[in-house]
Amino acid sequence: MARRPPPHQLTKPVGAITRGTTGVNRLRRSDRWLVHDQLVTARLCAAADPLIVDLGYGASPWTTLELAARLRTVRPDVRVVGLEIDPDRVVPGRDGVSFARGGFELAGLRPVLVRAFNVLRQYPEAAVPEAWSTILSGLAPDGLLVDGTCDELGRRCAWILLDRAGPRSLTMAWDPFTVAQPSDIAERLPKALIHHNIPGEPIHTLLTAADRAWSHAAPLAPFGPRVRWRAAAESLRREGFPLRPYRRRMRDCVLSVPWATVAPR
């Protein structure tokens with residue numbers, strides 16, 4: 001009997017080749033969030049097959065290897081596969097991580113978690129729903145998708161967490177010492193939101209309120225930006241914005257809200 005080819009040889013990659021820029025430790029902020037998020041860790045720990053796909057890892061695989069190392073602190077037996085639509089970027093496996101050619105169809109794999117960072121940013125906004133639908137349809141039943149964007153050094157990051165029912169939340173995380181105010185993250189919003197940061201849209205309302213709360217917390221600046229942001233975040237909650245509370249001490253400034261808070265009108 002002929003041997004069955006691996007999944008990535010059975011499917012045609014869906015998507016387009018993007019720039020592929022990457023860098024060591026560029027996605028550290030989202031990785032830190034993933035390993036502490038209760039929903040992500042619960043789904044990962046409960047999965048019969050803890051398969052993770054890093055979709056569109058770029059010209060070099062550093063961030064995929066970092067993701068694997070960090071998620072192994074949650075579940076040591078995770079399997080991580082990096083997928084790239086450009087065949088020239090597919091590299092040999094190493095450190096327990098494999099690499100293959102694939103796109104939004106996920107090369108026929110059924111992962112419990114897909115990370116797609118700086119991929120859809122290079123597509124038109126109209127292409128986002130179909131890309132989301134294709135990825136979500138390939139997930140394991142309780143699978144999750146992280147669609148995110150960050151700057152070149154990973155100091156400003158934003159990502160949407162989705163499951164098969166659609167978007168669940170938006171999270172923005174930034175370096176406390178290099179970002180002047182929360183709205184500076186707007187330039188790195190995911191493609192589904194970046195063109196909606198205009199007056200009258202929920203994301204603009206949230207960022208405007210965040211800047212205002214940050215300004216009001218200025219007297220706390222001598223204690224450092226983390227202390228100042230905690231006060232600003234609490235002020236936003238008092239205004240009625242449903243910011244997610246974090247009990248642990250945060251290295252980054254993080255603003256996370258349910259998707260309904262920022263969904264485009």
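## Close-up views of a predicted model

**View 1. The largest nonpolar core has 53 residues, and Leu55, Met172, Leu206, Trp229, Leu243 and Leu255 touch the most other members.** Helix α6 (residues 202–216) gives the most to this core, seven residues. A nonpolar core here is a set of buried Ala, Val, Leu, Ile, Met, Phe, Trp, Tyr and Cys residues joined through side-chain atoms within 4.5 Å. Buried means under 20% relative accessible area, exposed over 50%, and partly exposed in between (1.4 Å probe, protein chains only). Helices (H or I, at least four residues) and strands (E, at least two) are DSSP runs, numbered from the N terminus. A second, separate core of 29 residues includes Val80, Val97, Trp159 and Ala173.

A word on reading these views: this is a predicted model, in which local features need pLDDT of at least 70 and side-chain atom pairs count only at pLDDT 80 or more, while totals for chains, interfaces and linings use all residues. Residues are numbered from 1 along each chain as its sequence is written, and side-chain values use heavy atoms, with hydrogens and water left out.

**View 2. Here is an open sheet of eight strands with mixed pairing.** Its order is β3-β2-β1-β4-β5-β6-β7-β8. At the edges are β3 (97–101) and β8 (253–258), each of which pairs on one side only. Two strands pair if DSSP finds at least two bridges between them. Strand β2 (residues 79–84) runs parallel to β3, and five bridges join them. Look for Gly82, which stands opposite Phe99 in β3.

**View 3. Trp174 and Trp229 form an aromatic pair whose ring centres are 5.0 Å apart.** With the planes at 70°, the pair is edge-to-face. Rings of Phe, Tyr and Trp (its six-membered ring) pair if their centres lie within 6.5 Å; planes under 30 degrees apart count as stacked, over 60 as edge-to-face and the rest as tilted. Trp174 lies in strand β7 (residues 166–174) and Trp229 in helix α7, so the pair ties together parts 55 residues apart in sequence. Both Trp174 and Trp229 are buried. Besides Trp174, the contacts of Trp229 include Pro182, Ala210, Trp214 and Cys253 (contact means heavy atoms within 4.5 Å), leaving aside residues up to four places away in sequence.

**View 4. A search of the whole structure finds six aromatic pairs, and this view shows Phe104 with Tyr123.** Their ring centres are 5.5 Å apart and their planes at 55°, so this pair is tilted. Phe104 lies in the loop between β3 and β4 (113–117), and Tyr123 in the loop between β4 and α4 (128–137). Phe104 is buried at 7% relative accessibility, and Tyr123 is buried at 13%. Elsewhere, ring pairs link Trp33, Phe117 and Trp159 into a cluster.

**View 5. Ala217 lies in the loop between α6 and α7 (225–239).** Ala217 is buried, with a relative accessible area of 7%. Not counting residues up to four places away in sequence, Ala217 touches Arg228, Ala231 and Ala232. The charged end of Arg228, in turn, sits over the ring of Trp214, 4.0 Å from its centre. For this, NZ of Lys or CZ of Arg must be within 6 Å of the ring centre and within 35 degrees of the ring normal.

**View 6. Leu162 is found in strand β6 (residues 156–163).** Its relative accessible area is 0%, so Leu162 is buried. Among the residues that Leu162 touches are Trp132, Leu136, Leu144 and Pro167, not counting residues up to four places away in sequence.
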